[in-house]
Amino acid sequence: MDRKFERLQEIIESHGGRVSHLIAILQEVQEEYRYLPEEVLTYIATAMNISPATVYGVATFYTQFSLIPKGKYVIRVCDGTACHVRGAEPIHFALREDLALPKGDSTTPDMQFTVETVSCLGACGLAPVVVINGDEVHGQTTPESILGAVKKIVSREQLKENKNSSETGCCQNA
Ligand code: FES
């Protein structure tokens, strides 16, 4: 088996290949790849003995699934009513500007960040709310506070990169 499909096969097997678990399987697979590549959907259909149309149908029906690659950090700005009236839009604009997102794109060219707007996240008391990678919740955010959070991520990534470079001896004299 192609090595890149090994993990995929493990996920399918952990669910006993049950069609009723298709959504859970797609969720786990998306966590692994950060999106659902076309070849992966085809593999799932074949491995589970269901039609590719069924798999595509589920993958495109639910907004939680993405068929296009996303950045390492997915920043979701809530634009539900409560968040909108408390300033979601300036937060969204500030993020796009700070990350220099090309017009019409939601992911930075280096695949580090994706910025999206979502409808109510169910935490209206904390409006405006921004969630990073599904579990880092920022409440009562301002453009400044969220740009501060992004800055921290960028510094952390920079540190990791420097550490990797010094461990591999790469680019010391660059
Ligand atoms: S409107 Fe943003 S959490 Fe409800």
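This is a predicted model: local features need pLDDT of at least 70, side-chain atom pairs count only at pLDDT 80 or more; totals for chains, interfaces and linings use all residues.

On helix 3, the side facing away from the buried one carries E38, E39 and T46, which are exposed residues. Helix 3 spans residues 38-48, and its buried residues are V40, L41, Y43 and I44. Viewed down the helix axis, these buried residues fall within an arc of 160°, so they line one face of helix 3. An α-helix has 3.6 residues a turn, so residues three or four places apart point the same way. The partners against which the buried residues of helix 3 pack are helix 1 (6-14), helix 2 (22-33) and helix 4 (52-61).

The crossing in which helix 3 passes helix 4 is right-handed. On the side of helix 3 the residues that meet helix 4 are L41, T42, I44 and A45, while helix 4 contributes P52, V55, Y56 and A59.

The backbone on either side of helix 3 also deserves attention. Just after helix 3, N49 takes a positive phi of about 60°. In the loop between helix 2 and helix 3 lies R34, which has a positive phi of about 70° although it is not a glycine. R34 counts as partly exposed because it has 16 C-beta neighbours inside 10 Å.

How is the chain divided into domains? Domain 1 covers 3-61 and domain 2 covers 73-168, and their C-alpha centres lie 28 Å apart. I23 lies in helix 2 and is partly exposed, with 14 other C-beta atoms within 10 Å.

The loop between strand 2 (113-118) and strand 3 (130-132) contains P128, and the peptide bond joining A127 and P128 is cis, with omega about -5°. The loop between strand 4 (136-138) and helix 7 (143-168) holds Q140, a residue that is not a glycine and yet has a positive phi of about 45°. Q140 is exposed, because 12 other C-beta atoms lie within 10 Å and a residue with 12 or fewer is counted as exposed.

Terms used:
Residues are numbered from 1 along each chain as its sequence is written. Domain bounds come from an automatic or database domain assignment. A residue is buried if 20 or more other C-beta atoms lie within 10 Å of its own, exposed if 12 or fewer, and partly exposed in between; C-beta atoms are placed from the backbone. Helices (H or I, at least four residues) and strands (E, at least two) are DSSP runs, numbered from the N terminus. The arc is that of the directions from the helix axis to the C-beta atoms. Two residues are in contact if their C-beta atoms, placed from the backbone, lie within 7 Å. A crossing is left-handed if the near helix is turned anticlockwise from the far one by less than a right angle, and right-handed if clockwise.
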